[in-house]
Amino acid sequence: MTTDLRPPKVLMTKIGLDGHDRGGRVVATYLRDAGMEVVFTGPWKSIPEVIATAQEEDVDVIGISSLASDHLLVPKLMAALRENGLDHVGVVVGGIVPDRDERDLLAVGVARVFHPGASLDEIVPFVDRLAKNVRQRRQGL
Amino acid sequence: MSDWLERLRAGDRATLARAITAVENETPEARAVLKAIFPHLGKALVVGITGPPGAGKSTLINAYIETLRARGQTVGVVAVDPSSPITGGAILGDRIRMGGHSGDPGVFVRSLASRGHLGGLSRTAAHVIDVMDASGRDVVIVETVGAGQSEVEVAEIAPTKVVVAAPGLGDDIQAIKAGILEIADIFVVNKADLPLADRTAGQLLDMLRLKDHGEWRIPVLKTVALKNEGIEALADAIAQHAKLAETSRPAPRARAAKLIAAQAADLARRSIQALEEKVIDDYCDQVLSGALELEEAAQRALAKAIARS
Ligand SMILES: Nc1nc2c(ncn2[C@@H]2O[C@H](COP(=O)(O)OP(=O)(O)OP(=O)(O)O)[C@@H](O)[C@H]2O)c(=O)[nH]1
Ligand SMILES: [Mg+2]
């Protein structure tokens, strides 16, 4: 059996104070239906909690859903990933993110920002490809 | 390799996570991992927690972890959720109720999808438990949904099995009767804050009265996982049962024997499947025509496959 046979593993989570995790739930379901394994945590996670979860679960991709201004915490998350040896993990953000903030997020290493109304036909293949790239770059113990 | 083993034994979380991935996915490193950890197995208390969907297993585990941490023990959790048989995907949601401990280095939670291949859950989950055991976790908790085959598979891995029921779900007791009664070492009626908890506990006790008991009398405990009630008694019962189970079975040797048998069965299946179609066809014809018994055919196919390899 080769490494590539296992389904992509994605952490769907929410940082910050906003508790609406419906969007994240919907995306998680679609990723599941596309054959991925999705760890779902619910809202209100702190950055150290996301880091610990990503590490324990050894995920390929983290999906952050952000409704309010939670995406402003993402640069902190990216730095924390690096500090904890998790810089291989792909990060995507979904939600209401102004253009200027989007540029900032991409500059700190976020793979992609999905805006409201982004189609699942767009999100699912992107996450799948991202996960497979991460996996390929990272084999062995 | 030894480098890696040292880090694992020292409790390094990143190494633990990667080693679990290796055995979970049967990557090229998996065999080396299993070989290296085998001498370090058998120290952890392994407890299986099963029961119908929504009974409160994850919430109960969250509360149990708190008690274990207060008692100075480190914890590993393996939380298994079903994979979709159609797409192979899975939502791994048990962490939603176990959020109380992220950030505590003494707790390591890993979610697994059952991935539905025959016998696969028990093998993969068993190996994940082994890696946690070798990493020095004092207690390893395995959560599985008690619907179908999985709980019986887990019964083979966890020497101590807790079956969780919730009140007011009469059907659940029926379901438990069918499958899980045989494997339970401890019964928990969770959500004891709800009406009818006593009735559910009573039903379980009635059922147990019909059962012979040897050294271990299966307790029926009431808990309110959401409020941490009844958890001390549960932790005590688990510890007591584990102690008894330890003295009554020679764990590592029995495990090794089982694993060798399981691997051999796997090997046999794969090498027979690797025989050319013509050879297999020939056996099929003979079996179908009544010229050859099934067992005889299997023996010959196996002999041929072994001769080839
Ligand atoms: N009233 C009450 N509700 C509880 C108690 N324990 C858990 N619950 C609730 O029961 C629901 C299911 O809890 P979980 O811990 O997710 O149950 P589970 O058995 O792990 O569920 P699955 O993993 O989906 O099979 C949640 O809404 C909990 O808040 C309790 O002691 N009393
Ligand atoms: Mg659960």
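The questions that follow treat the interface and then the metal site.

This is a predicted model, in which local features need pLDDT of at least 70, side-chain atom pairs count only at pLDDT 80 or more, and totals for chains, interfaces and linings use all residues. Residues are numbered from 1 along each chain as its sequence is written, chains are lettered from A and ligands numbered from 1 in the order in which they are written, and side-chain values use heavy atoms, with hydrogens and water left out.

Q: What area is buried between chain A and chain B?
A: Contact means heavy atoms within 4.5 Å, and 29 residues of chain A are in contact with 36 residues of chain B. Buried area is the accessible area (1.4 Å probe) that two parts lose on being put together, summed over both. Carbon and sulfur atoms give 50% of the total, which is about 2,800 Å².

Q: Which residue of chain A forms a salt bridge with Arg18(B)?
A: A salt bridge requires a side-chain nitrogen of Lys or Arg within 4 Å of a carboxyl oxygen of Asp or Glu. Between chain A and chain B the count is 5. For Arg18(B), the closest N and O atoms are 2.8 Å apart, and the partner is Asp58(A).

Q: In which element of chain A does the salt-bridge partner of Arg95(B) lie?
A: The side chain of Arg95(B) meets that of Glu57(A) at 2.5 Å, N to O. Helices (H or I, at least four residues) and strands (E, at least two) are DSSP runs, numbered from the N terminus. Arg95(B) belongs to the loop between β3 and β4 of chain B, whereas Glu57(A) lies in helix α2.

Q: In which sense do β2(A) and β3(B) pair?
A: Two strands pair if DSSP finds at least two bridges between them. Glu37(A) stands opposite Ala90(B) in β3(B). Over 3 bridges, the sense of the pairing is parallel.

Q: What spacing do the donors of the magnesium ion (ligand 2) follow along the chain?
A: Donors are N, O and S atoms within 2.8 Å of the metal (3.2 Å for Na, K and Ca); water is not among the atoms, so sites may look incomplete. Ser58(B) (OG), Asp94(B) (OD) and Glu143(B) (OE) coordinate the ion at 2.1 to 2.2 Å. Their spacing is S-x35-D-x48-E.
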